[in-house]
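Hello,

Here is the structure we talked about. Please look it over, then read my notes below.

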Amino acid sequence: MKSYIAQRLVIAVLTLFGMSVVIFVLLRMAPGDIVDVLFSAAGYVNPSEKQAILRELGMDKPYWRQYVEWITQIFHGDLGKSYRYDLPAWQIIRPLLPVTIELAMLSTIVAVALGVPTGIVSAVRQDGLLDYAMRVFSLAGLSMPSFWLGMVIILALVSWLAWIPPLTYVRPTENFWLHAVQFMLPALAVGYRSSALIMRITRSAMLEVLREDYIRTAWAKGQGEWAVVWRHALKNAILPVVTVVGIEFAFLIGGLVVTETVFNLPGVARFLVEAILWRDYPIVQNLVMFIAIVVILSNLAVDLLYGLLDPRVRYA
Amino acid sequence: MRSRMLPSLVALLAILDVLVGGAPAIGQNPPASPTPRSGGVLTLAQREETPQGFAIHETSTVSTTWPAMPCFSNLVLFDPRKPQESADTVLGELAEKWSWQDNYRNLVFFLRKGVKWHDGQPFTSKDVKFTFDMLREAPDAQGKLRINPRKDWYANVVNVEAPDPSTVIFHLKRPQPSLLLMLASGYTPIYAAHVPPAQYRTACVGTGPYKLKEWRKGEFIEYVKNPDYFVKGRPYLDGLKYVIIKERGTRVAALQAGQVQAAFPGDTSKTAAEQLKKAVPQLVITGAAENVNENVIMNTKKPPFDNVKVRLAVAHAIDRRALNQAVHQGGAAIGVSMPSKPWGIWGPAEATLATLPGYGKPAEEKARAKKLMAEAGHSPEKPVKVEIVTRAIAVYVDMASFIVNELKQIGIEATLKQIETAQWHAMATRGEYQIGANLTGIGIDDPDANYYENFACNSPRNYTFYCNEQIAAMVDKQSGEIDPRKRLAIVLDIQKKLEEEGVRPTLDWRVDNFAQWPQVKNLVPHNNFYNYGRLQDVWVDK
């Protein structure tokens, strides 16, 4: 297991290196730069002033040198300086992380709490009324974009209650109840969509397992439905569900853009888009690397969970 | 407070003001209360992060002026309580009084004494000289801006002299009555000489009614009352909070739910205002010009728009009223390069407007456009193919799509190309386009600000590259004209000439429907959304 983890970590480092090159190159391939955006806010462009600002920001240096400087800075624990805010990038990024991580985790919890039980019930009661109802419920979740659902929630709240959740971030230490409300609504909007996918995967995996010989044997031995479904079937059907949950969580870290925008939450995803539009390279590069690290770590966690859940993986 | 301007000038401007009248409101202005109360925090919507922090001098957007103005003071400012700005509504701010001297060649300001910067340093005439030397890019300037969009506003200023700590003299090359109005714009705050200009991008040291408490990036900007503010008893509010809400639907919901008490200027369309009023009848909606126009830029250095006949055909082809209905649901104002009454004071009257290219009956205008195209050597069988550029923002794209359809009817096949904001101004300044749909905001309703910025031969914002010495001479002439009636006559001639040359045809002037809760008092939208953000007189009736 240790050698497996070591091997995965080596691959992770190589992946991160590849990502750093890709994001660095892609950003510079995009037309325009921060100075163009700054001039846009001023309504004109002056070539000599532009050159001076490029020099000031160190953007006149050759690309390879900019890349080496960035990577060297990272190894020294320095993420560089935001072009837009003229502040250390870490100072900008640090407050965003807990918001997005919390939202992604809550959304994942909502998705699992909704998706797994409904998937199981749907499989156990296949082609029954409950199954059809669950499938309609999940199909609706897949069809509704979470941002649309978010906006509908906001509009419904404002129309019926003349109230919406707070629009500036409330820390849990400030007001826990308000904080919970602020996060639960977007988590529901995002979690519902993810739950639909989890429900369908759970259902199909359960249906497959429920047809296995050992399940028939369990029934034949006279075990109750609870034991057959939860102890024998679910344990064997859960692996693909864990994979999907891992992928969904990783996706949510960078994919919450619109939900964060609709609910006005100051998270990573929303800020990343802003930074891309502003061509704020240090912020974009470091946020993308952060997302890449989360993706790699969540994949690693899924792989390790495989080993815990399935002895065949452990002993292979 | 009031300046010692020449009596005749004051009288004539007053006549103009009377002729103009107040800006019409689709709702009502917030009722003024005789007994303002102190206390409370006003929460306002902010549509995006302020692009350059509080560095107003380095930007040209209301996204900066609106949340940054409460920190600063100007020498003079447009009266916050009067919706229609003019030379007659200019009040002293850091300047206690002022005087035009030497036949309008010198403008002398007498500054308030005992004013302090937010960091406790005393304010003196050195700060004023520092600010304007920096803006003019004087050779001996102590400060430098990395971007200086309004340098042209001060082209006529030869020198700024500070003979003593409370006197400043602007020496001009020639008379320029508009200078006072430029100094009254929200774009013209005084910076502290002891603070590096770059610092305003991240923090704010001003002399204004509110001190910066916190700027949480991408979230909000918060101010607290400045206890040392030089106007006794002001501001009324304990603080201000600008909540940054990127999503328009969420901004509307926030206003509706009362989480913000005032909208962002320019954010409420006619349709949105009607919906808001229906949902929350007590909301106060005030119609107010933004001083932003929608226009067509045509590159006069590139075919086919180097041909005046093709440019004029475009001007004739676009039905302004239909555009107003289709894109703004009738909520915009029709006008040429200066806004007409009641939204502005320099634009032509309705009768004159009807005689200009594009403002007559649609069918006749289209027929004239086709004729001009034929004279330019183009026929419907052999249509001109062009690429029309616009910014990849909904308001631009809606307008551009309408133009594409109009041009098709006169034999110009235009394909729409959306340009990202990061490239838009670079592309326009370099002239890397044929025709474009554009929006232009002007800091004050004044011909100098508009024509020197957008039509002068060497201005970086003259995106069309149109350069006509005769018109340039007329612009200089109106700028130096002290008699308002004579000046207005010249400005009307300039507008006519520009329309006849098909230079940057204006399609409409945007009109805001500023929304606020009724408990917000003394927040009066002006006919220009760059200039009413100081909020020192605003109070909340709890």
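**What I found**

In chain B, 56% of the 542 residues are buried (20 or more other C-beta atoms within 10 Å of the residue's own, with C-beta atoms placed from the backbone; 12 or fewer is exposed, and in between is partly exposed). This is a predicted model: local features need pLDDT of at least 70, side-chain atom pairs count only at pLDDT 80 or more, and totals for chains, interfaces and linings use all residues. Residues are numbered from 1 along each chain as its sequence is written, while chains are lettered from A and ligands numbered from 1 in the order in which they are written.

**Chain B**

Chain B has 15 helices and 17 strands (DSSP runs numbered from the N terminus: H or I of at least four residues for helices, E of at least two for strands). Its radius of gyration is 23 Å, close to the 24 Å from the globule rule for 542 residues, so chain B is as compact as a globular protein of that length. The radius is taken over C-alpha atoms, and the rule is 2.2 Å times the number of residues to the power 0.38. The C-alpha trace of chain B spans about 75 × 55 × 40 Å along its principal axes.

**Where the chains touch**

In all, 38 residues of chain A are in contact with 36 residues of chain B (contact: C-beta atoms, placed from the backbone, within 7 Å). On the chain A side, H2(A) gives the largest share, seven residues. That side divides into 26 nonpolar, seven polar and five charged residues. Ala, Val, Leu, Ile, Met, Phe, Trp, Tyr, Cys and Pro count as nonpolar; Asp, Glu, Lys and Arg as charged; the others, Gly among them, as polar.

**Helix packing in chain A**

The axes of H11 (residues 225-255) and H14 (residues 281-309) of chain A come within 9 Å and cross at roughly 165°. Axes are lines fitted to C-alpha atoms, for helices over the stretch in contact, and angles run from 0 to 180 degrees between N-to-C directions. That makes H11(A) roughly antiparallel to H14(A) (over 145 degrees; under 35 is roughly parallel, 65 to 115 roughly perpendicular, the rest oblique). By class, this contact of H11(A) with H14(A) has 14 nonpolar, five polar and no charged residues.

H1 (residues 2-29) of chain A also meets H14(A): their axes come within 10 Å and cross at roughly 150°. H1(A) and H14(A) are therefore roughly antiparallel to each other. Their contact has 14 nonpolar, three polar and two charged residues.

Best wishes

Note on methods. Contact = placed C-beta atoms within 7 Å.
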